[in-house]
Amino acid sequence: MTALLPNVSVPGSTAALLVTTDCPFNLTAAAQAGLGSGRSLAPLCTVCCCGVLNRTLAVAFMVSLAFAIVVGNVVTLTVFVQTRQSRTPQGYLKVSLAIADMMVGVLVVPFSIYTEISLMVTSTPPVWYQGSSTSPANSSSRGGLVSPWQPCMLIGPVFAGCTFVSISTIFLMTLERSVAILWPLQKDALVTRRRTLFLILFSWASSFLLALAPLIFSRNFTLEYNECSRMCNYTPLMLGGHLPPDANILLLFPAFDFTLLGSTLAVNIVSFTSIRRYSQKRKLLSEGSLSDGGGGGGGCPHRPSFSDIKAAKTIGILTFAFTASFTPIAVFVLGNVVGYTWCNFSFFAFWILTGNSCCNVIIYSVRDHRFRKGVTLLFQRDQSPPHGEKN
């Protein structure tokens, strides 16, 4: 999601135009102005990280979130790997989603924790903080980023890529369930393990290629730790106080997000419409108002199984949860369009999206009986059954 944020004040009474995408941009021009004067850039005081108490609470929240993401998705992966019934196309897609979520908890959140703790215990920010390693004179040319290496060049694409993988995987899960609902007899022929694995690999490759697109196709972008969202975000290198001419390349991000989310919503509507129609026919049949007609099942010869219907509803809940966590980002961009910066709100918006990485295991625990049974067996492993009852 990209919008123009006009008239952002920076040191030296310089007006700049900044682009706001899925990740809000840092004040690179301000950072460069601070460097030009020989001073280190002080961290911005925001509602989440202003004062020792607020910063401590923010770090405690990040630590708890990282723990929940890692533990929850490790349990999910273990259950799906060790349960033979989960070795299906749907199971492979759930494993892909769990890996993407776990990478956020292993790499992205811990880096924010490290940075925030560093800002708490040291009097000056890290040398790479807020573009402090960028030379003002060479900011728009090759080699603008000098040593030390900017760790956000790794963390930023990982977060963006994992977000895109989550969106694309939920879309593939929705497609897989829609095939099972609409064409149950052709499901095994249309949805095979080989095709599913190919689509998973393709989604990972295309998602990370898209995440790296601003760096691959342009030299006018870098990645910095954002003082508002407390994450690594893309930042345009200002050319004479103006945006680079290829700043529109960031429109690829919102185009990808909204296309897949809209397609997922459309497929879900079609699937649930079919489920509703089938449920009505079953009700009429049970009341004797609908004759069998030789179709086997009250005029619904190709009826989906109960497990397929329940799985479709579970994936619909996953889609709703992801869309709900993504909505604050959309609101944030809308605010930027009308002229609001909402620095404090950006923290909550981006961390709500990050918190979605630990929601899937909760949804599986509530909706998936096989998953609950697998978790029970996993934690009861110490009480090994006899060999004759092992299966």
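This is a predicted model: local features need pLDDT of at least 70, side-chain atom pairs count only at pLDDT 80 or more; totals for chains, interfaces and linings use all residues.
Local features were taken at pLDDT of at least 70 and side-chain atom pairs only at pLDDT 80 or more, whereas totals for chains, interfaces and linings use all residues. Residues are numbered from 1 along each chain as its sequence is written, and side-chain values use heavy atoms, with hydrogens and water left out.

The mean pLDDT (the predictor's confidence in each residue, from 0 to 100) of the protein chain is 74, and 71% of its residues reach 70 or more. Over residues 1-42 the pLDDT stays under 50, although the model has 118 contacts (heavy atoms within 4.5 Å) beyond four places in sequence for this stretch.

The whole structure holds 9 aromatic pairs, where rings of Phe, Tyr and Trp (its six-membered ring) pair if their centres lie within 6.5 Å, and planes under 30 degrees apart count as stacked, over 60 as edge-to-face and the rest as tilted. The rings of Phe61 and Trp351 have centres 6.1 Å apart and planes at 70°, so this pair is edge-to-face. Because Phe61 belongs to helix α2 (residues 52-82) and Trp351 to helix α10 (residues 343-355), the pair ties together parts that are 290 residues apart in sequence; helices are DSSP runs (H or I, at least four residues), numbered from the N terminus. The rings of Phe347 and Trp351 also have centres 6.1 Å apart, but with planes at 40° the pair is tilted.

Both Phe347 and Trp351 are buried (under 20% relative accessible area, with exposed over 50% and partly exposed in between, for a 1.4 Å probe and protein chains only), whereas Phe61, at 39%, is partly exposed. Phe61, Phe347, Phe348 and Trp351 form one aromatic cluster.

How values were computed:
Helices (H or I, at least four residues) and strands (E, at least two) are DSSP runs, numbered from the N terminus.
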